[in-house]
Amino acid sequence: MSEPPGAAGRPPAEPAPAPEAADPFVRVRGAREHNLRRVDLDIPRNTLAVFTGVSGSGKSSLAFGTLYAEAQRRYFESVAPYARRLIHQIGAPKVDGITGLPPAVALQQRRGTPGSRSTVGTVTTLSNLLRMLYSRAGDYPPGTAERLDSDAFSANTAVGACPECHGLGRVHRVTEASLVPDPSLSIRDHAIAAWPGAWQGKNFRDVVQALGYDIDRPWRELPQADRDFILFSDEQPVVTVHPVREAGRIQRPYQGTFSSARRYVLRAFSESKSAATRRRVLRHLESATCPVCEGRRLRPEALAVTFAGHGIADLTRRPLADLPGILAPAARTGGAGDGSGAGSGDAGGGGREGTDEAAAALVEDLVARIEVLVGLGLGYLSMDRTAPTLSPGELQRLRLATQLRAGLFGVVYVLDEPSAGLHPADTEPLLDVLDRLRAEGNSLFVVEHDLDVVRRAGWVVDVGPGAGRYGGQVLYSGPVPGLRQAAESATGKYLFGEDSRPRPPRTPREPAGWLRLRGVTRHNLRDLAVDLPLGVVTAVTGVSGSGKSTLVDEVARAVAAGLHPDPDSDSGAVTEAADGMEAEEPDEAAEFGDERTPGPAAAIDVEGLDAVDRLVRVDQKPIGRTPRSNLATYTGLFDAVRTAFAATPEARARRYTPGRFSFNVAAGRCPTCQGEGFVAVELLFLPGTYAPCPTCHGARYNPETLQITYRDRTIADVLAMSVDEAAGFFADLPAAARSLTTLQDVGLGYLSLGQPATELSGGEAQRIKLAAELQRARRGRTLYLLDEPTTGLHPADVTLLMSQVQGLADAGNSVVLVEHDMSVVAAADWVLDLGPGAGDAGGRVVAAGPPLTLVRDPVGRTAPYLARHLGDAALPGGTRHPTGDSADLGGGSGGG
């Protein structure tokens, strides 16, 4: 065969590069998202790869901001341009290139609180299948003309919800006793406690008096007809009111409209935008089971349909573990509870054979999905359990189980701390699930702090060495044992170094007193008796779902009720959120539609409250919903900064107030971007993106405001400072320095003052909340309730955080924290272990005492995991960890 022209004398051509599919690695080049420093990285596919590093080091920016974002961008490129405009998109990540990247599925931590209409069934899609089963294969009453649509079996639809309670299962009403708690008082003396105070309450009283009612007579002596009209009438007569005012004030009559106490309470609760007003009127509402649906939430026609002899409401209330035994036999016998299928043939026409086939297919899918959940240790949950009552660990596993049933192959699962909120005993089945996903031909990229998860990984990517601008580098990428050689790695020190060894147990503090609670009943807690030591750090432990968060909730309710004997007091002096701000507005369903309705706490018998002056809670809610909320505004230090700028000579000459230096005030902010610093850029056929504001170039303020400087820095320069830099700059400004020092103490020195709240990780948000409380003057005799404060924290950050928590106890305060991190539990003075299992199998105190006492007399599922953090010397005869020798496994943090 002759050579082609010009081929003679040429060197042989280089072989063509192997296609991406033949390359077993995902290769990243030049990643620079957020704080990443042009990172180059190779990660093998079809393995469990864990991304580690201290909080804020850049691991999430690499896993989610780069790898997942690029996979999502490629997916959008395959979508028709018109449809692309209708889908929420993220911009292209800042990276030079990525090869070998399969399609990706992300399971991220959800910061927000789900609504109470969201349930276990809706989160897992089990409700959809069950509704379809009753629609297609249920046994209908004789004479039913046609089958109901599946929506008729949903309490979240207009066609399915009970018309009386609107699908909530409970009705809310007012009674004379709830509106008038003290009938010995007169109307003038505020007998109608549900009415507001100040001028509006006086207006209500004046209108009632103008209508001819005696407002000076004790309530109980008024005729019943008069009392009923004042409290419950729907009439709204208008009368002329001649108010009696103080001398010197205008005594002008006006037309007043009457509104009954019931009308006011219901309207204020449903329409008020003030959380304080809603909380106040909530005290005068009574919640009861709906008399029409009897709490089953559905219309009568849906409740009349059965399968296997059970109505749909009955099955949704049962533990998931019970359902396969009910559904599977019924599918084989045609679904009829008595084998006859009575009535089912009348509905919708069609043959019984088709119905049986539908039942078999639907039940098979249902049972398979339920078995996955049971395998993850969630068999105690019921389908109608509302999402707000679930722990973060339970929610995370529910979402993971849904993906496991999807049966995808060849994709990358990007997970955000899947072990967060899990007891070590619950982490083991989680790891088995991850192994199954990998065995099915998928890759797993997991951002994680739990060292047990890191040990099981096939590959580890450690990012650091520090956080923020001090991080953003890949310190190590390879098999886990090689991390031992990474000298700068904080993770390596806790896996293999000095910090991995069990520490000798600390001497626990002696309690300064006791808080004794009797009759605690809620969810799976049944008439529980609990003794909490005061003046020490108490860790509440137990497997996920054992009742830990419920117990702390009830402690908070009981203590708050004891500190506020006046039910109408709205004072925040002794019962406060960690940030000192008003709580987020709760939705109606969350307040009334689930088991967290206030009430049972009033029945708890509490002793020892005389030793508590103040209650502070640090919960897991995000610190802000919009980019306008940031580190500086949340902690309050920005108030001091703005005041300092307003006090400069030039600002005083211009009569600028501190409000001028707020980017939320029109006078000082940039008019183009409205103080946000960036503008949205809409691209017709490409993802929308954000660009720096063309007017202020990201400074947020107008030119006149930026002309004012404080020590040669503008207000925009200050917002761009890191906490560490600002601490030096404002060292002589006490109001700002106190906040900045506290932020440094909890390891947040790398954050910029103007960093939007929406960009903060969960660990960062938790520490900001605690810092906002720590910066206050120490008063002692405060009870701090913390809900898993180490969630999202690297072991190194946990050590830093817990030094501050221990300081609270040293100052004479009491700290009660729900915790799964065994290093934290080992450092506590007292441990309260709930269990022994989850759901109905839990809710009991299985062990209580100092950590060393728990491991020397092991009871329950926490003791074996706690033992390895206390060292073998503390354990007579040596206690082995459930998964192997404790000396080989080392210590470190569970991270959640």
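**Entry 1: Arg217 and Glu221**

I started with Arg217, which is partly exposed at a relative accessible area of 33%. I noted that the model is a predicted one. Next I looked up Glu221. Glu221 is also partly exposed, and its relative accessible area is 43%. Then I checked how the two side chains meet. Arg217 and Glu221 form a salt bridge, with N to O at 3.9 Å. I wrote down the general idea too: oppositely charged side chains can pair when their charged atoms come close.

**Entry 2: the count**

How many salt bridges are there by this rule? I found a count of 35. I picked out a few to follow up.

**Entry 3: Asp365 and Arg369**

I turned to Asp365. Its salt bridge partner is Arg369, and the closest N and O atoms lie 3.1 Å apart. Where do Asp365 and Arg369 sit? I traced both to helix α13, which covers residues 352-375. They are 4 residues apart there, so about one helical turn separates them.

**Entry 4: Asp426 and Arg397**

My next pair was Asp426 and Arg397. They form a salt bridge, and 3.9 Å separates the closest N and O atoms.

The cut-off I used for buried is under 20%.

**Entry 5: a network**

I then looked for salt bridges with shared partners. Which residues do they join into one network? I listed Asp23, Arg27, Arg29 and Asp42.

**Entry 6: the sheet**

I found an open sheet of 3 strands, and their order is β2-β1-β4. The pairing is antiparallel. Which strands stand at the edges? I marked β2 (39-44) and β4 (97-99). Each has a single partner strand, so one side of each is left without a neighbour in the sheet. I also noted the angle: neighbouring strands are turned by 5° against each other on average, with direction ignored.

**Entry 7: β1 against β4**

Last, I followed one pairing. Strand β1 spans residues 25-31 and pairs with β4 over 3 bridges, in the antiparallel sense. What stands opposite Arg27 in β4? I found Thr99 there.

Terms used: Residues numbered from 1 in each chain as written. Predicted model: local features only at pLDDT ≥ 70, side-chain atom pairs only at ≥ 80, totals over all residues. Heavy atoms only, no water. Salt bridge = Lys/Arg side-chain N within 4 Å of Asp/Glu carboxyl O. Buried < 20%, exposed > 50% of the residue type's maximum accessible area, 1.4 Å probe, protein only. Helix = DSSP H or I, 4+ residues; strand = E, 2+ residues; numbered from the N terminus. Pairing = 2+ DSSP bridges. Axes fitted to C-alpha atoms, helices over the stretch in contact; angles between N-to-C directions.
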